[in-house]
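Morning, everyone. Please take a look at this one with me.

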Amino acid sequence: MPQPADLSSVRAFVERELVDFGAEPDAIRDEARLEELEIDSLGVVELTASVKREFGVDVPLESLTKDLAVAEVVALIREAAAA
């Protein structure tokens, strides 16, 4: 069953996923870019699959890039869930 996509739950989800992909928890800030957190292309692909499982929405892979900031990733997920 998909989770609600409110700001706090999406933010917590993104943080958990990034830590699972190897990011240091202290480095995860809104302005931190995925590339800075050493999230590679495979991590981005896995993130899209995790979003689908967690929130029941598709975020196009083309939308998630290593150049996005954490806050932008959260916003993309929330926008997809609101659509």
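The accessible surface of the chain is about 4,800 Å², and carbon and sulfur atoms hold 51% of it. Those areas come from the Shrake-Rupley method with a 1.4 Å probe. This is a predicted model: local features need pLDDT of at least 70, side-chain atom pairs count only at pLDDT 80 or more, and totals for chains, interfaces and linings use all residues. Residues are numbered from 1 along each chain as its sequence is written, and side-chain values use heavy atoms, with hydrogens and water left out.

How many helices and strands? There are 3 helices and 0 strands, taken as DSSP runs (H or I, at least four residues, for helices; E, at least two, for strands) numbered from the N terminus. The order along the sequence is α-α-α. The radius of gyration is 11 Å, close to the 12 Å from the globule rule for 83 residues, so the chain is as compact as a globular protein of that length. That radius is over C-alpha atoms, and the rule is 2.2 Å times the number of residues to the power 0.38.

Of the 83 residues, 34% are buried, meaning under 20% relative accessible area with a 1.4 Å probe, protein chains only.

Now one residue. E17 sits in helix α1, residues 7-20. E17 is buried but has no salt bridge (a side-chain nitrogen of Lys or Arg within 4 Å of a carboxyl oxygen of Asp or Glu). Which side chain of opposite charge is nearest to E17? R53, 5.4 Å away. Leaving out residues up to four places away in sequence, E17 touches L47 and S50, with contact meaning heavy atoms within 4.5 Å.

Note on methods:
Buried means under 20% relative accessible area, exposed over 50%, partly exposed in between (1.4 Å probe, protein chains only). Lys and Arg count as positive and Asp and Glu as negative; His and the chain ends are not counted.
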